[in-house]
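Here is a friendly note to read alongside the model. Take the points in order, and keep the viewer open as you go.

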Amino acid sequence: MESGLQRYLRQYYAAGTVREYSRDIAAYLLHQSGAEQAMYKDITAYIGALRSRYSNASTIRGAVCAIKAYYSYLCHTGMRKDNPAKAIRLKDRMHSDVQLQDLFTAAELEAMLERREPYYKWGYRNKVLVGLLIYQGLWPQEIAAVRVEDIDLTAATVYIRATTKTSARALPLKANQVLLFYEYIHAIRPKLIK
């Protein structure tokens, strides 16, 4: 049978969120005796206990959101006049960085260079750009800043200008990149400019 709390949650949240919040609220109620009268310090003590049990910030953040929803429900029903969890803000950094090295293998990256492009001239330019992404590991803004005079084909290097996040540096080019750059600079680029 559905409780008043679950009916309240269903009004404001998706079904999956209702399940997660119900689970987190049930865990909180088991841990916190007299939860209806709990104060800010009681809730932060519970969060401290969660931190000792879980290292994942998103797990703790989800529990805090569920507790806030629980006290919103109590305010809605008139059992409380305030929401003691409302002011709680977690300062934990969420790690949402994509590990790029796990996306493609070296062979898959190399295969991107061998892919046929429908437009020869643009395809050549794309191979030059993808080569800078793959072999030198440049950021798109670094690639956009590269000028023809930054390419030294005799030394087989490319000069990368400083950005707000990176320093200026000269990086070596692979042998197949030197050939691509030579062809692009001397044959393809002049046609694209026209």
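**Notes on the helix packing**

1. Asp24 sits in helix α2, residues 15-31 (helices are DSSP runs of H or I with at least four residues, strands are runs of E with at least two, and both are numbered from the N terminus). Leaving aside residues up to four places away in sequence, Asp24 touches Tyr46, Gly62, Ala63 and Ala66 (contact means heavy atoms within 4.5 Å).

2. A word on where the values come from. This is a predicted model, in which local features need pLDDT of at least 70 and side-chain atom pairs count only at pLDDT 80 or more, while totals for chains, interfaces and linings use all residues. Residues are numbered from 1 along each chain as its sequence is written, and side-chain values use heavy atoms, with hydrogens and water left out.

3. Now the overall picture. The protein chain has 8 helices and 3 strands, and from the N terminus on its elements run α-α-α-α-α-α-α-β-β-β-α. Of the 194 residues in the protein chain, 30% are buried. Among contacts between residues at least 6 apart in sequence, 52% join residues at least 24 apart.

4. How do helices α1 and α2 meet? The axes of α1 (residues 4-12) and α2 come within 10 Å and cross at roughly 140° (axes are lines fitted to C-alpha atoms, for helices over the stretch in contact, and angles run from 0 to 180 degrees between N-to-C directions). That angle makes α1 oblique to α2 (under 35 degrees counts as roughly parallel, over 145 as roughly antiparallel, 65 to 115 as roughly perpendicular, and the rest as oblique). Leu5, Gln6, Leu9 and Arg10 of α1 meet Val18, Tyr21, Ser22 and Ile25 of α2. By class, this contact of α1 with α2 has 5 nonpolar, 2 polar and 1 charged residues (Ala, Val, Leu, Ile, Met, Phe, Trp, Tyr, Cys and Pro count as nonpolar, Asp, Glu, Lys and Arg as charged, and the others, Gly among them, as polar).

5. Back to Asp24 and its helix. α2 and helix α3 (residues 40-53) pack at an angle of about 110°, with their axes 11 Å apart, so α2 and α3 are roughly perpendicular to each other. Asp24, Ala27, Tyr28 and His31 of α2 make this contact with Ile43, Tyr46 and Ala49 of α3. The residues of the contact divide into 5 nonpolar, 1 polar and 1 charged.

6. Which residues of α1 are buried? They are Leu5, Tyr8 and Leu9. Seen down the axis of α1, its buried residues fall within an arc of 95°, so they line one face of the helix (the arc is that of the directions from the helix axis to the C-beta atoms). These buried residues pack against α2 and α4 (57-77).

7. The axes of α1 and α4 come within 10 Å and cross at roughly 105°, so α1 and α4 are roughly perpendicular to each other. Gly4, Leu5, Tyr8 and Leu9 of α1 make the contact with Ala69, Tyr70, Ser72, Tyr73 and His76 of α4. By class, the contact has 6 nonpolar, 3 polar and no charged residues.

8. Finally, look at the loop between β1 (151-152) and β2 (157-160), where Ala156 lies. Ala156 has a positive phi of about 55° although it is not a glycine. Most residues other than glycine have a negative phi.

Technical notes: Buried < 20%, exposed > 50% of the residue type's maximum accessible area, 1.4 Å probe, protein only.
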